[in-house]
Amino acid sequence: MNQTYPYIVQPLNYAYDGLEPHIDARTMYYHHDKHYAGYVGKLNSLLKEHKQLQRMTLNELLADPEQIPEEIRTDVLNNGGGVFNHLLYFDGMAPESYGSPLLREKLIEQFGSMENWRCEMSKAAMEQFGSGWAALVLNEQGELVIVKLSNQETVLPEGLVPIFLLDVWEHAYYLKHQNRRQDYIDSWFYVINWEEGEKRYLEGIAMS
Ligand code: MN
């Protein structure tokens, strides 16, 4: 992502209730306005005294952690990762999306069928122990693979291109589903933004 300091809270591309009945408005409100906005605010305050880090894009900042001074490194990675991952997650969902035949074709090629892909993605999301993410990514060989991320870890240091991120922190589902993570995961498949996924895929292929 090309944003630089000071980071702003990007609005959702749809209404809080736009993903109902799959993902409820109250969850979306707290998730966007409180959790994600919290990461933005903390990232800005961490970078306040670090001019050289302010000039870097969010991607540059997160891709190479060694360049972040040690005393703020963990906090910058946690909060910067929170900003990066949530932007991918929110824009990766849409109220109505039917497009992207190419991405679907690639998923079938890679996973055997759409059902198998959903099954693998769902399994990764269930198996992620504690807070984190399941992610569909494009690797350097141009293959679509699924990875698990802990807390606010990102795919950038591994050189992977994110296609879809599925947030499995409890704050993503607890208000509606309580402990039933599987119900939330099943709901997420109904609100995937296929056009956005295909755009990310094509950009990733073009870069490799
Ligand atoms: Mn979240």
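Two strands count as paired here if DSSP finds at least two bridges between them. With that in hand, here are some close-ups of this predicted model.

**View 1. Three strands make an open sheet in the order S2-S1-S3.** The pairing in this sheet is antiparallel. Strand S2 (144-150) and strand S3 (161-167) are the edge strands, each pairing on one side only. From one strand to the next, the twist averages 25 degrees.

**View 2. Strand S1 (residues 132-138) meets S2 through seven bridges.** These two strands run antiparallel. For a handy landmark, look for glycine 132, which stands opposite serine 150 in S2.

**View 3. Helix H9 (residues 194-207) lies across S1, S2 and S3.** Follow the helix against strand S3 in this view: H9 runs at about 145 degrees to S3.

**View 4. Helix H6 (residues 114-127) and helix H8 (residues 181-188) cross at roughly 140 degrees.** Two packed helices are described by the angle between their axes and the distance between the axes. Here the axes of H6 and H8 come within 10 Å, and the crossing is right-handed.

**View 5. A closer look at the residues where H6 and H8 make contact.** From H6 come Trp117, Met121, Ser122, Ala125 and Met126, while H8 brings Arg181, Gln182, Ile185 and Trp188. Sorted by class, the contact of H6 with H8 has six nonpolar, two polar and one charged residues.

Notes
Residues numbered from 1 in each chain as written. Predicted model: local features only at pLDDT ≥ 70, side-chain atom pairs only at ≥ 80, totals over all residues. Heavy atoms only, no water. Axes fitted to C-alpha atoms, helices over the stretch in contact; angles between N-to-C directions. Helix = DSSP H or I, 4+ residues; strand = E, 2+ residues; numbered from the N terminus. Left-handed = near helix turned anticlockwise from the far one by under 90°. Contact = heavy atoms within 4.5 Å. Nonpolar A, V, L, I, M, F, W, Y, C, P; charged D, E, K, R; others polar.
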